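Welcome! Please take a moment with the sequence and the 3D view below, and then let us walk through them together.

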Amino acid sequence: MSTAPETDSTDGVLAEQLLRLTRRLHRIQKRHLEPLGITPAQSRLLRLVSYVEGDRPPRMADLAARLEVVPRAVTTLVDGLEAAGCVRRAPDPANRRVIRIELTDSGRETLRRLRSARTDAAEEILAPLTAEQRDQLGGLLDALTDAPRGRHC
């Protein structure tokens, strides 16, 4: 006797639960970021610029590739962060045609506040879980996020 329909039903329920959780995570994160005047997408870009900046600030194309979006989407995000004083466009000293995205002092301060807002959002999301449940969830999420690309849930 096959259990395929039961598995399909269980997978469908899990997929729906994950989608509902994703929407809830987005709403909570957005609410915690609003006082900073930053969107979740801008927050992701700002964290990425900080992470990649190291020896050389990233190019717009580097950011688009890392975010897996079209370059135009990065331009819009950078425009908003630049208007807010969080990043600046700077010509690459080795190739003046290349524009790199640098964090400003205000951007670094926004990142500090962003980390606090993300911690607050995480606490709100995880509040119903015990420490043991949080550990279990962490293990399950690791298994899903570290799964090979060809594997599906």
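Among the elements of the chain, helix α4 (residues 71-83) has the highest mean pLDDT, 95, while helix α1 (residues 4-33) has the lowest, 85. Here pLDDT is the predictor's confidence in each residue, on a scale from 0 to 100, and helices (H or I, at least four residues) and strands (E, at least two) are DSSP runs numbered from the N terminus. For the chain, the mean pLDDT is 87, with 89% of the residues reaching 70 or more. This is a predicted model, in which local features need pLDDT of at least 70 and side-chain atom pairs count only at pLDDT 80 or more, while totals for chains, interfaces and linings use all residues. Residues are numbered from 1 along each chain as its sequence is written, and side-chain values use heavy atoms, with hydrogens and water left out.

Now for the overall layout. The chain has six helices and two strands, and reading along the sequence gives the order α-α-α-α-β-β-α-α. Of the 153 residues in the chain, 26% are buried; buried means under 20% relative accessible area, exposed means over 50%, and partly exposed lies in between (1.4 Å probe, protein chains only).

Let us stop at Thr-104, in the loop between β2 (95-103) and α5 (105-126). Is this residue buried or exposed? Thr-104 counts as buried because its relative accessible area is 10%. Leaving aside residues up to four places away in sequence, Thr-104 touches Gly-85, Cys-86, Val-87 and Arg-88, where a contact means heavy atoms within 4.5 Å. The side chain of Thr-104 also reaches the backbone nitrogen of Gly-107, at 2.9 Å. Such a polar contact is a pair of N or O atoms within 3.5 Å; within protein, one must be able to donate a hydrogen and the other to accept it, and residues adjacent in sequence count only if both atoms are side-chain atoms.

Another loop, between α3 (60-67) and α4, holds Glu-68. Glu-68 counts as exposed because its relative accessibility is 61%. Its backbone deserves a look too: Glu-68 is not a glycine, yet has a positive phi of about 60 degrees. Most residues other than glycine have a negative phi.

Finally, return to helix α1, where Leu-18 is found. With a relative accessibility of 43%, Leu-18 counts as partly exposed.
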